[in-house]
Structures are given as structure tokens and as C-alpha cells.
Amino acid sequence: MAPHEKRVRNRGRPVRGAAALAVSAALAAGLLVTGVDATVLPVDDGRAPAPVVPGTAGPTEPPAPVPAAPVPLLPQPADRTTTAGREFPPSGVFLASDQQGVDRMAQFSQWLGGTELTVGHTYLPGNDWSDIEGRAQWLEAWADWRNAKPGRMFVLNVPMQARNEEGVPDHEVRELLRRGAAGEFDHHFRTLAERLVRLKVPETVIVLGWEMNGSTYTHRCGPDPQAWKTYWRRIVTTMRAVPGQRFRFDFTPSRGRDAVPWSECYPGDDMVDILGMDSYDQPSGMSFDEQVSEPYGLRHHVEFARAHRKPISYPEWGLFRNGDNPEYMRRMLSWIAEHRPLYNTLTDYCPHGVWQCDANPRSSHVYRSVLSGRHDHPGHPVPTPTPTAPTQPPAPAEPPNCSVLDLGDWVEHWLGGRLCIRFTWW
């Protein structure tokens with residue numbers, strides 16, 4: 001995606017069946033006569049109430065079974081302590097490419113109630129080769145942000161070709177890839193590497209040639225996968241040869257097959273440090289479960305990375321074709337919490353975002369409720385709250401003139417309490 005464009009059902013508790021069972025029991029006892037009232041008293045079984053997920057109905061019956069490999073939902077904000085001992089994966093947000101992006105990060109953190117963004121993410125323009133070499137004024141603000149506090153991560157998307165968003169036809173892309181594979185463009189990437197080292201950000205994560213499996217960019221893989229892989233290897237070798245560098249190279253396709261299976265573009269374990277994926281809520285009508293299970297989707301990505309012993313990342317993710325979709329937002333946040341990428345950065349502008357886009361209020365609420373107010377230090381677990389001794393809730397009071405029937409545990413379980421008969425005929 002270009003940097004500048006860009007059901008869970010709850011069934012009700014079966015009260016009718018339980019009530020019928022209780023009525024039958026009462027009839028058998030000969031107690032349903034005129035002037036007799038029945039009251040159900042709640043029974044404390046020692047179990048805590050089920051947590052309520054933001055944006056869903058209150059607790060009723062546990063949800064119906066879902067298909068294989070379900071993705072768990074995150075708890076509501078009040079229950080965030082249930083993640084004690086596990087820090088939320090390092091998070092960031094793309095807000096703008098230049099100084100504005102740096103400035104807005106503090107405002108975004110304030111909107112999140114003080115939650116610190118530990119990942120700064122920007123893109124080099126791909127209009128010409130001087131863009132790809134990284135003009136100093138373009139990178140200085142980000143380098144200053146990165147170096148202002150330990151534990152921060154700087155992520156930089158780097159195009160592999162000039163005229164990167166100009167709709168260059170396949171035959172021309174093929175020729176450019178072959179020229180790159182022959183070493184014609186090496187010096188541009190050497191200049192970029194030297195500049196990053198000079199700016200004291202030698203550990204930058206380089207997202208090189210992102211979404212190469214699509215058809216948008218001039219650095220796409222489809223016209224000649226073999227030349228593309230050779231070209232990637234030349235770029236990585238060139239940048240790693242610069243003294244002082246500690247770059248990590250992130251191979252990041254878009255989710256799904258797109259124009260070509262992204263595994264056909266994989267350049268080899270020795271030239272890849274991180275296996276990323278850009279994953280937006282698209283196409284229209286596709287559920288999150290389908291995004292997980294589709295060919296070359298979220299599950300394939302995780303399994304491929306595990307097989308190649310690589311950490312994963314999500315450099316771009318957000319809303320898209322399905323509009324304001326809080327279910328996608330909940331499920332994607334849960335997926336990130338479950339699979340623990342090295343980092344993740346939400347794309348925050350319309351139609352994808354939650355802060356700079358007023359069109360997504362429900363999804364914005366979900367994102368904010370899950371991530372707001374996190375002050376834990378990056379890389380440290382969320383502190384465990386001091387436990388307190390459980391208190392026994394008081395037994396429910398019985399109404400006056402009421403006799404409790406002993407109907408047995410099974411009936412009381414389905415009824416939701418004990419049946420109390422109050423005689424009022426006198």
C-alpha cells in the first residue's frame with residue numbers, strides 16, 4: 001500500500017427450557033396452586049463473571065463453538081492485568097513521513113492516555129534516486145527521535161527503484177530489475193547506509209521493496225522473480241558492507257497471493273532478518289477468519305516464519321474496504337498479542353486509521369480501549385497487581401414467607417438459582 005493513499009454471535013441462555021423444568025418439578029410437588037408465587041434465588045458457585053469484550057453485549061451464555069484455530073479476543077480495559085507477565089508487543093503508528101510524523105507521535109500518545117509509542121515508522125519517497133539515498137533533512141528528525149530515549153526502534157521503508165509509484169509497465173520493470181541484479185544501482189544504497197550510520201541510527205530496520213508481490217510498485221517482483229531476488233541480495237550485501245552498520249532487513253509482502261505468491265520472491269534466510277506482512281481489512285466482505293486462513297494469509301505467514309526461524313512483524317495494518325469494522329480491530333489486536341511480532345505499526349490516515357480519521361469511531365474506540373494508559377517500559381512485563389484475599393459474597397436474602405425447594409444441583413444449575421415458593425393465599 002502506498003504511504004500516502006492508502007462475528008461473534010452470543011446465544012441467549014436457554015431460560016425457557018429451565019423454567020419448564022422447574023415448573024414441572026413444582027407441579028409434581030403439588031405446590032402450584034392459586035396464591036402461590038415462585039421466586040428464583042441466585043446461587044453463588046464461586047466462579048468469576050465472564051469478562052466483557054469492548055463493543056460486545058454483556059455476559060450471557062458462553063459463545064457457540066467456532067471453527068478450528070479460533071483467535072481469542074482481548075479482554076476489556078479493566079481486565080488488562082490478565083496479561084500480567086507478558087508485555088504487549090512494541091507498537092507504533094504511521095502518521096506522516098516527515099517532521100510532522102515525529103511531532104504527531106506525542107499527540108497520539110496523549111490521545112492514548114500516555115501510552116508510549118516505541119516504534120517510529122516512515123518511508124523514503126521513491127520519485128528519484130536522491131530520494132532513495134535519504135536526504136539528510138528527511139531523516140534527521142527521525143534519527144533525533146530514535147536517539148532521544150533508549151529502547152526505541154526506527155523502521156524505514158526503502159524503495160528498490162526510482163519512479164516507484166508511476167505505473168511503470170512490466171517489460172520496463174523487468175529490465176530495471178535485471179540492471180539492479182547486475183549491480184548498476186548499488187551505489188545509491190551504499191550512500192543511504194552511510195547516511196544512516198552517520199546519523200547514529202545504524203540499527204535501523206529496513207523494510208526493503210515492501211509489497212513486492214503486488215502490482216503497484218516499480219520494485220515489484222512479478223515481472224522477474226529471479227532477478228528480483230538477486231537484486232535484493234545485492235542491496236543487502238552492499239548495505240551490510242558499510243562499517244558500523246547493524247541493520248535488520250524486513251521482507252514484507254502484502255497479505256494473500258496478490259499478483260504473485262510472495263514465497264516465490266523470498267531471497268533466502270541469509271539475507272532476511274525479519275519476515276513482515278502488510279495486512280489491511282480487505283477485500284470487501286472478507287472475514288478475519290478468512291484473512292487468517294486464505295492462501296498466503298496470516299497463518300501461512302506465521303508458519304513460514306517459524307519454519308525459517310525468523311521473527312515476524314506487521315509494518316502496515318489497518319482498516320480499509322470494510323469500513324469502520326470494530327470486529328477486525330479486535331481480532332487483529334488479538335492476533336498481534338497472540339503471535340508477538342518484533343513490532344507492529346498501524347497506518348493512521350483515512351480510510352485506515354483511528355486517530356486522524358473520524359470515519360472510524362467504533363474501531364477507534366476498540367483500539368484506544370485496548371492500548372490506552374500503558375506505561376510499562378518497553379521490553380518489560382506488565383506488573384502483576386498485588387493479590388488480595390478473596391471475599392465471600394453474602395448469601396442472597398430470602399423473601400419473607402418463602403420456602404426454598406430442594407430441586408437438586410442439576411435443576412438449580414439450569415434454572416440459575418433455587419426455587420423459592422411464597423404462600424400468599426392467606
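User: What does the side chain of Arg179 make a polar contact with?
Analyst: The side chain of Glu184, at 2.6 Å. Keep in mind that this is a predicted model.

User: Where is Arg179 found?
Analyst: In helix H5, which covers residues 170-181.

User: Which residues does Arg179 touch, not counting those up to four places away in sequence?
Analyst: Glu184 and Phe185.

User: How does Arg179 count for accessibility?
Analyst: As partly exposed, because its relative accessibility is 31% and that class lies between 20% and 50%.

User: What separation do the C-alpha atoms of Arg179 and Ala227 have?
Analyst: They are 8.7 Å apart. Along the chain, Arg179 and Ala227 are 48 residues apart.

User: What does Trp232 touch, leaving out residues up to four places away in sequence?
Analyst: Met160, Leu208, Phe249, Asp250, Phe251, Pro267, Met271 and Val272.

User: On to helix H2. What span should it have?
Analyst: H2 runs over residues 99-111, which makes 13 residues. At 1.5 Å a residue, the helix should span 18 Å. The C-alpha atoms at its ends are 19 Å apart, so the two agree.

User: Where is the kink in H2 centred?
Analyst: On Met105, and the kink is about 25°. Met105 is also one of the buried residues of H2.

User: Which others in H2 are buried?
Analyst: Gly101, Val102, Phe108, Ser109 and Trp111.

User: Which residue just after H2 takes a positive phi?
Analyst: Gly113, with a phi of about 75°.

User: Last one, Asp278. Where is its place?
Analyst: In the loop between strand E7 (274-276) and strand E8 (279-280).

User: Buried or exposed, and why does Asp278 count that way?
Analyst: Buried, because its relative accessibility is 3% and buried means under 20%.

User: What is Asp278 in contact with, leaving aside neighbours within four places in sequence?
Analyst: Trp210, Glu211, Thr252, Pro253, Ser254, Arg255, Pro315 and Glu316.

Terms used. Residues are numbered from 1 along each chain as its sequence is written. This is a predicted model: local features need pLDDT of at least 70, side-chain atom pairs count only at pLDDT 80 or more; totals for chains, interfaces and linings use all residues. Side-chain values use heavy atoms; hydrogens and water are left out. Helices (H or I, at least four residues) and strands (E, at least two) are DSSP runs, numbered from the N terminus. Buried means under 20% relative accessible area, exposed over 50%, partly exposed in between (1.4 Å probe, protein chains only). Contact means heavy atoms within 4.5 Å. A polar contact is a pair of N or O atoms within 3.5 Å; within protein, one must be able to donate a hydrogen and the other to accept it, and residues adjacent in sequence count only if both atoms are side-chain atoms. The expected span of a helix is 1.5 Å times one less than its number of residues. The bend at a residue is the angle between axes fitted to the seven residues ending there and the seven starting there.
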